[in-house]
Each structure stands twice: as structure tokens, then as C-alpha cells.
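Me: Please take me through some side-chain contacts and backbone features of this protein, one point at a time.

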Amino acid sequence: MFIVYVFLLSLCCLPHIGFSSHCTTETSTKTFQKCMNLPTQQASIAWTFYPHNSTLELVFFGTFISPSGWVGWGINPTSSEMTGTRALIAFSDPNSGQIVLLPYILDPTVKLQKSPLLSRPLDIRLLSSTAAMYGGKMATIHNGAPIQIYATIKLESNKTKIHLVWNRGLYVQGYSPTIHPTTSTDLSSIATFDVLSGSFAPQHTDLTMLRVIHGTLNAISWGILLPMGAITARYFRHIQALGPAWFYAHAGIQLFAFILGTVGFAIGIHLGQLSPEVEYGLHRKLGIAVFCLGALQTLALLFRPNARNKLRKYWKSYHHFVGYSCVVLGFVNVFQGFEVMGASRSYAKLSYCLGLATLIGVSIALEVNSWVVFCRKSKEEKMRREGLIGTSDKGSSGIHT
């Protein structure tokens, strides 16, 4: 229970949930009127808007995620999505090693990755643009290195709302930035804001808490309780002193795990409906497979033959195969879920790994004990057949497979 408590607490403190600590209106070369934290990637912006001529001066504060990576932001003139964005992307020049800032238009072929992203002039009124890093020309790009991307843009008259898009990637091939990571936070790096009032509207409703609940329920059900139920059946059913208690414990744990998992699965389906453009093929397929296997296991209880039925051995083989498959796929999908949430190095994952390690340690200890008891019983039975011990002697009861 302590591990479950720590796991829940850690999930609520995932590092990617929070906004960056503060924004600033000042840089080494310019002071702006307003600033704002962006909801992902610890990015922020500062800007000054001149209503008399509809001119916007804006600086974007971002960070690199690899020495060979890129950072960019842009404006989509028509909608709040990546496709159609007019972007400015900064990265290290492959020839000189200096920071270079180039314009790109993100057309539909970029999203489909049918062709490399090539720089071309923007069809918006970009008056000036530049990029700067702390340290000037002596600065080097590394994981976490901050960068400032400046731009002066002439907006359409009486238009103060803009669709802002920002992101960062791991690699640049020549002068072509490659696709950015596809975690939920990276795919949600889009917002609409009013340059005059400063009002801000993220593209998506904040689904963080719903994702946390989804992850928590599934990690506890498929990743903790389900293997606990399997351990109960494997190692306690041969202890005669327990009677049928092991079966009720096994069935109760598995049923409770399936109910929790069903709720978590339903929340996952709902999350997919709320974010149709965000798709995690592997995580989704594994989730559906685990849920279907869990449902088959639950339904199998209704068709469980009695101990004397000749079909019982086939039912047991089916029950074992489906059950262990569900446990293994559940483990895999829990770790896949951590990757999806961008929590691969979080305390939540550490807590889950501690819980999983505890289950594995208990299983190993029980497995060793079962084999020791099994070997001792086999030896006693052999000696009894050879007449070395009396038939009335009884071995101590214990666990065996």
C-alpha cells in the first residue's frame, strides 16, 4: 500500500505538467511590454504590439533537447494546427557550426513525412528575424541549451488574435529539420492568443488530470493487481490449510483488477476521442489486446468445467495461456504508457518499478520454495516406494507446482 501511495503521489507530480516558473519581458537587447508562459516544453514568449500600424515584435524562449536538434516557432494564419504554419526554425549550421535561423512552411507533406522539410520564403509579412543564444557566438548547443528567436511581423489590420505553434526536435539532416517527438505534450504545443489583451487559449482542454487517472488505474490494475492474483493462484492453491480460500482470493483480486482496468480503458478511449489528432498506435493496440484478454479471462469463469470433466485440462491450459499473456502485455503497456506521458524518468515510474521488483522478488522466493518442497516430497515418495521409510510417514505440507 505504501508503494501504491507513493506511485499516486508521484503521478500527480509529473515533471511535464507544470508551466515554466516565470516569463520575462527583458532580453539582453530589448524590452517588451508583455510576456506569457506557454503550456508545454517550459517555453515562453514576450511581445510588444503597436496597434497604429499592426506591427508585432515577439521573442520566443525555448530550449534544445539535443546537440544536433532544432527549436522553432511560427504562426498559422488560418487555424490552430501545425499544418499550414509559417515557422522560423533555429539550429546549428552544418558547415559553420553557428546558429542559423531559416523560414519554413509546414504543408501537409511535412506531417505525412513524404518529403524532407525545405526552407522557403514565408508568405506573411515578416519584417525581420534573428536568433540568439546566451554566450553569443561562443555558445554551444547542448541538451537544455536556451535560445531566443526574435521576429517582427506585420499583422493584418484589425486582427489581433494569432495561432501560435512551437516545437523542438532531435535531429537536422543538412538544412532539413526532422520530425519532433510525438508525446502528448509535444503534439499539444499550439495555442491561440490575443496580442492586444494577452488572453490565452490552448488548443486543447487541459487533459493532464484525466491522463494521470488513466495511467494510475491501468498501472495498478494491469501492472500490479493482475500479477498479484496470478501469484495467489500459482503458489497458494496447494496449501491444504487454506482450503478454497486461495480461489476466492484469486478470483476477487482478478475481478477487482479487471473492474479498475475497465474504468482505465474507458478513460483511455475517451481521451482518444478528445484528442483525435493525437494517436499512439502501439499503446492503443496493446491496451485493446490487454483489455480483451482480461475480458476473456473473466468470462472463462462462467464456463469453468468441474474437476471431473474431461474438458477441464483444456480449460486450464487456455486459462493459463490467456492469463499469463495478459500479465506480460500489461507490463509492457504500462511502460509504454510512461513513454507516452513523457514520464520515462519520473518518480512515478520509479515507484512502479519498485512495486514490480517487489512482486518479482516475492515470486522468485515462492518459486524456489515450491521447488524445494516438490523435490523433498519426490524424494520421500521414492524412498517410500523402495521401502526405506514406512508408508505411514507423511511429508510436511507445503507449496509445490
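The questions and answers below concern a predicted model.

Me: Where is Gln-41 located, and is Gln-41 buried or exposed?
Reply: Gln-41 sits in the loop between strand 1 (34-37) and strand 2 (44-50). The cut-off for a buried residue is under 20% relative accessible area. Gln-41 has 11% relative accessibility, so the residue counts as buried.

Me: With which side chains does the side chain of Gln-41 make polar contacts?
Reply: Gln-41 touches several residues beyond four places away in sequence, among them Thr-63, Trp-166 and Asp-186. Asn-167 and Ser-189 are also touched. The polar contacts of the Gln-41 side chain include one at 2.9 Å with the side chain of Asn-167 and one at 3.5 Å with the side chain of Ser-189.

Me: What is the phi of Gln-42, and is Gln-42 buried or exposed?
Reply: Gln-42 is found in the loop between strand 1 and strand 2. Most residues other than glycine have a negative phi. Gln-42 is not a glycine, yet its phi is positive, near 55 degrees. At 60% relative accessibility, Gln-42 counts as exposed.

Me: Is Ser-54, which has a positive phi, buried or exposed?
Reply: Ser-54 lies in the loop between strand 2 and strand 3 (55-63). Its phi is about 55 degrees, although Ser-54 is not a glycine. The relative accessibility of Ser-54 is 9%, and the residue therefore counts as buried.

Me: How many salt bridges are counted?
Reply: Side chains of opposite charge can pair when their charged atoms come close. A side-chain nitrogen of Lys or Arg must lie within 4 Å of a carboxyl oxygen of Asp or Glu. By this rule, the number of salt bridges is 5.

Me: Which residue forms a salt bridge with Glu-57?
Reply: The closest N and O atoms of the pair are 3.2 Å apart, and the partner of Glu-57 is Lys-30. Glu-57 lies in strand 3 and Lys-30 in the loop between helix 1 (2-11) and strand 1, so the pair ties together parts 27 residues apart in sequence.

Me: Which residue forms a salt bridge with Arg-86?
Reply: The closest N and O atoms are 2.7 Å apart in the salt bridge of Arg-86 with Asp-123. Arg-86 lies in strand 5 (residues 86-92) and Asp-123 in the loop between helix 2 (108-112) and strand 7 (125-133), so the pair ties together parts 37 residues apart in sequence.

Terms used. Residues are numbered from 1 along each chain as its sequence is written. This is a predicted model: local features need pLDDT of at least 70, side-chain atom pairs count only at pLDDT 80 or more; totals for chains, interfaces and linings use all residues. Side-chain values use heavy atoms; hydrogens and water are left out. Helices (H or I, at least four residues) and strands (E, at least two) are DSSP runs, numbered from the N terminus. Buried means under 20% relative accessible area, exposed over 50%, partly exposed in between (1.4 Å probe, protein chains only). A polar contact is a pair of N or O atoms within 3.5 Å; within protein, one must be able to donate a hydrogen and the other to accept it, and residues adjacent in sequence count only if both atoms are side-chain atoms. Contact means heavy atoms within 4.5 Å.
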